[in-house]
Amino acid sequence: MTSKASATPDPQTGGTDNVALLIDLLKLATFIAGPMRDGVAEPLALSSNDLRVILALGGEGELAGHDLSEIMGVPPMNVSRALASLLERGLVELGSDPANRRRKPFRLSAQGRATFASTLPAMEKVGGALFVDLDKAERMAFGRAMQAVLARIPGWMDRHSPA
């Protein structure tokens with residue numbers, strides 16, 4: 001798949017760098033799923049959504065299904081299916097929330113933590129292939145830019161979500 005360099009003004013995007021960057025970000029978010037599926041999920045016998053749940057729980061800790069749905073950006077039904085599959089395989093277990101007994105959080109089991117740990121070398125391999133041409137300074141700049149955008153999203157959502 002070819003992609004023209006989009007961080008420059010383009011008549012198709014209204015001539016603005018912001019629109020071009022958003023389009024490239026959407027492409028990246030969409031197409032990164034392929035290498036993650038082929039290079040990380042499938043070798044570990046996980047579906048893409050199973051992998052995303054394991055990564056979310058491994059990175060964030062105990063979370064309820066609706067929290068996972070928001071973090072992953074997928075419909076609650078997809079999260080429910082992944083959780084049921086992972087629960088059946090012994091990779092996640094139910095937690096508890098003493099402050100809210102109705103909340104049903106999940107956490108990685110010991111086997112799930114081992115699976116999470118085994119994703120790291122696979123992700124290193126995928127990342128190495130995708131970032132091969134970026135030097136350390138470029139990787140750091142890319143990381144800082146992503147973190148800055150990620151930090152702004154909750155505020156934007158608070159200001160622009162329907163009440």
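**Reading the pockets, core and sheet of a predicted model**

User: By class, how many nonpolar, polar and charged residues does the lining of the second largest pocket have?

Analyst: The lining of the second largest pocket has 3 nonpolar, no polar and 2 charged residues. In this count, Ala, Val, Leu, Ile, Met, Phe, Trp, Tyr, Cys and Pro are nonpolar, Asp, Glu, Lys and Arg are charged, and the others, Gly among them, are polar. The five-membered list itself reads Arg152, Ile153, Trp156, Met157 and Arg159.

User: What is a pocket, and what volume does the largest one have?

Analyst: On a 1 Å grid over the protein atoms alone, a pocket is an open set of points where a 1.4 Å probe fits, with protein on both sides within 12 Å along at least five of seven lines; lining residues have an atom within 4 Å of a point. Grid points are joined across faces, edges and corners, and the volume is the space filled by probe spheres set on them. Here the largest pocket has a volume of about 2600 Å³. It is lined by 47 residues, of which Leu25, Leu28, Ala29, Ile32 and Met146 are the closest to its centre. The lining divides into 31 nonpolar, 8 polar and 8 charged residues. Helix H7 (136-160) gives the most to this lining, with 11 residues. The second largest pocket holds about 190 Å³ of space.

User: Which elements make up the protein, and in what order do they run?

Analyst: Helices (H or I, at least four residues) and strands (E, at least two) are DSSP runs, numbered from the N terminus. The protein has 7 helices and 3 strands, and from the N terminus on the order is α-α-α-β-α-α-β-β-α-α.

User: How do the strands pair?

Analyst: Two strands pair if DSSP finds at least two bridges between them. The 3 strands form an open, antiparallel sheet in the order S1-S3-S2. S1 and S2 stand at the edges, each with a single partner strand, so one side of each has no neighbour in the sheet. Strand S1 (residues 63-64) is joined to S3 by 2 bridges, and Leu63 stands opposite Phe106. Strand S2 (residues 92-94) is joined to S3 by 3 bridges; Glu93 has Arg107 as its bridge partner, and Leu94 stands opposite Phe106.

User: What is a nonpolar core, and which residues have the most contacts inside the largest one?

Analyst: In soluble globular proteins, nonpolar side chains tend to be buried together. A nonpolar core is a set of buried Ala, Val, Leu, Ile, Met, Phe, Trp, Tyr and Cys residues joined through side-chain atoms within 4.5 Å. Buried means under 20% relative accessible area, with a 1.4 Å probe and protein chains only. The largest core has 23 residues, and those with the most contacts inside it are Leu46, Val53, Leu57, Leu68, Leu83, Leu86 and Val92. Helix H3 gives the most to this core, with 5 residues. Leu68 has contacts (heavy atoms within 4.5 Å) with residues including Val53, Leu57 and Leu83, not counting residues up to four places away in sequence.

User: Which residues of H2 are buried?

Analyst: Gly34, Met36, Val40 and Ala41 are buried in H2. The buried residues of H2 pack against H1, H3 and H6.

Methods
Residues numbered from 1 in each chain as written. Predicted model: local features only at pLDDT ≥ 70, side-chain atom pairs only at ≥ 80, totals over all residues. Heavy atoms only, no water. Buried < 20%, exposed > 50% of the residue type's maximum accessible area, 1.4 Å probe, protein only.
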